Amino acid sequence: MRHFPRLVLSCLLLLLVQAPAWAHKGSDAYLDVQTTGVADTAALKLTLAIAIKDLDLLVPLDANADGQVTWGEIKAALPAMHDLLQASTGIEGDAAPGAPACHLAWSYAGLERRSDGTYIRFASDTACRGATSFRYRLLREQDATHRLLVTGMVDGQALLSTWSATAPGALSIRHAKPEGGAPVAAGAHTGPATLWAYLNLGVHHLLEGYDHLAFLLALVLPLRLALGRRAPRETDLQAARHAANWWALLRTVTAFTVGHSITLILATLGLTSASPAWVEPAIAVTIAITALLNIFPVRHVRTDVLALLFGMVHGYGFASLLTEAAAPAGLLPWALAGFNLGVECGQLLAVAGWVLMSQVVQRQPWHGRVVVRGGSWLLVLVAAFWFWERVR
């Protein structure tokens with residue numbers, strides 16, 4: 001048992017160093033679907049944006065291994081990327097009369113900058129009509145967390161959905177033509193369906209957002225949260241302290257929720273904006289400051305107020321995914337509500353997981369020295385590394 005404190009500290013270190021530097025943004029690709037033509041001849045135009053960092057896992061783009069991908073290297077790798085997309089994607093449906101077969105033929109369509117780096121765009125026109133489904137298997141073996149965010153306008157109806165490369169089957173992007181009418185968009189084109197799709201996306205986004213999880217951990221590390229019945233030797237004063245810790249947890253988590261919800265809503269609706277160039281380093285700073293306050297407490301600095309203010313910074317980080325998904329205006333409120341609820345669900349899961357894990361060590365005499373102080377110093381070091389990565 002004498003080596004147990006070292007084991008706890010090592011586990012904390014392992015969890016933290018495994019987190020990527022650009023920690024809040026997962027692996028996402030973006031698909032825009034638009035109708036071209038009118039009536040029965042209406043076909044589809046698809047535009048797919050994939051991060052260079054993701055493509056580099058499958059097609060070596062950095063040919064000279066200098067850590068930088070140049071336009072020359074991208075141009076040289078375009079044939080290999082084209083073959084990769086042709087093998088990893090597909091479309092099924094009926095072709096319009098007299099039109100070529102329903103298939104995809106991707107071509108390079110330019111570069112674009114997003115919050116987590118540069119993306120390469122590919123476009124394809126297809127003569128599909130009637131019931132149409134899109135098959136997507138990119139990064140299926142390399143990254144199980146990879147997501148495809150789908151948006152667009154199909155036959156006059158908004159299309160908004162999400163898809164995982166590991167999901168079975170294919171994504172439906174157009175239903176069959178109803179009797180006497182035109183084909184209609186499929187996917188999450190209704191409010192409740194959008195709410196559910198983006199709720200799942202919010203949970204996924206929070207649980208893979210290592211910097212947000214690190215901030216939550218810094219907030220709750222000092223709290224001793226006892227579960228179960230009162231211990232036989234526990235005094236009234238100790239019981240009161242445990243109750244106060246639970247109340248502090250509720251206030252702190254609620255304050256963080258309110259803080260990031262404010263900026264998430266404002267940024268997603270376009271009422272305010274913040275550049276990732278300062279938001280990303282600022283998120284790392286919030287982790288470091290909160291962890292340092294665990295080691296060197298400052299009188300009159302309330303953790304719940306800190307969670308509220310710093311939560312507003314984290315809200316801008318959450319908003320980057322929604323703003324870049326470019327949800328249609330009619331479905332944006334549903335997507336925003338679902339995503340925010342998903343973030344809260346993921347947050348509750350993370351806090352509950354920590355409460356359960358902490359039961360093993362919080363009554364140990366070395367809890368304050370190893371878990372609180374040692375864990376806080378590790379958080380400071382990791383936050384400093386993230387800050388350096390994001391400003392260099």
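Arginine 114 lies over the face of tyrosine 119, at 5.4 Å from the ring centre. Arginine 114 also lies over the face of tyrosine 30, at 3.8 Å from the ring centre. A charge counts as sitting over a ring if NZ of Lys or CZ of Arg is within 6 Å of the ring centre and within 35 degrees of the ring normal.

This is a predicted model, in which local features need pLDDT of at least 70 and side-chain atom pairs count only at pLDDT 80 or more, while totals for chains, interfaces and linings use all residues. Residues are numbered from 1 along each chain as its sequence is written, and side-chain values use heavy atoms, with hydrogens and water left out.

**The sheet**

Helices (H or I, at least four residues) and strands (E, at least two) are DSSP runs, numbered from the N terminus. Two strands pair if DSSP finds at least two bridges between them. Strands of a sheet pair through backbone hydrogen bonds, either parallel or antiparallel.

An open sheet of 6 strands runs in the order β4-β5-β2-β1-β7-β8, and its pairing is mixed. The edges are taken by β4 and β8 (157-164), each with a single partner strand, so one side of each has no neighbour in the sheet. On average, neighbouring strands of this sheet are turned by 20° against each other, direction ignored. Angles of this kind run from 0 to 180 degrees between N-to-C directions, and axes are lines fitted to C-alpha atoms, for helices over the stretch in contact.

| Strands | Sense | Bridges |
|---|---|---|
| β4 and β5 (residues 117-126) | antiparallel | 7 bridges |
| β1 (residues 28-36) and β7 (residues 147-154) | parallel | 7 bridges |
| β7 and β8 | antiparallel | 8 bridges |

Strand β7 is mostly covered, with 7 of its 8 residues buried. Buried means under 20% relative accessible area, exposed over 50%, and partly exposed in between (1.4 Å probe, protein chains only). The hairpin of β7 and β8 has 2 residues between the strands, and aspartate 155 in the turn has a positive phi of about 55°.

**Positive phi in loops**

Most residues other than glycine have a negative phi, and most peptide bonds are trans. Leucine 139, not a glycine, has a positive phi of about 65°. Leucine 139 is placed in the loop between β6 (128-136) and β7 and is buried, with a relative accessible area of 3%. Histidine 300 likewise has a positive phi, near 75°. Histidine 300 is found in the loop between α7 and α8 (303-325) and is exposed, at a relative accessible area of 73%.

**Aromatic pairs**

The structure holds 8 aromatic pairs. One of them joins tryptophan 71 and tyrosine 108 and is tilted, at 5.6 Å centre to centre with 40° between the planes. This pair links distant parts of the chain, since tryptophan 71 is in helix α3 (residues 71-88) and tyrosine 108 in strand β4 (residues 107-114), 37 residues apart. Tryptophan 71 is partly exposed, with a relative accessible area of 44%, and tyrosine 108 is partly exposed at 32%.

The rings of phenylalanine 385 and tryptophan 388 also form a tilted pair, with centres 6.4 Å apart and planes at 35°. Rings of Phe, Tyr and Trp (its six-membered ring) pair if their centres lie within 6.5 Å; planes under 30 degrees apart count as stacked, over 60 as edge-to-face and the rest as tilted. Phenylalanine 385 and tryptophan 388 both lie in helix α10 (residues 367-391), 3 residues apart, about one turn of the helix. Phenylalanine 385 is partly exposed, at 41% relative accessible area, and tryptophan 388 is partly exposed, at 46%. One aromatic cluster is formed by Phe215, Phe256 and Phe310.

**Helix packing**

Helix α5 (residues 210-220) and helix α7 (residues 276-295) pack at an angle of about 20°, with their axes 9 Å apart. That makes α5 roughly parallel to α7, where angles under 35 degrees count as roughly parallel, over 145 as roughly antiparallel, 65 to 115 as roughly perpendicular and the rest as oblique. The crossing of α5 past α7 is left-handed. A crossing is left-handed if the near helix is turned anticlockwise from the far one by less than a right angle, and right-handed if clockwise.
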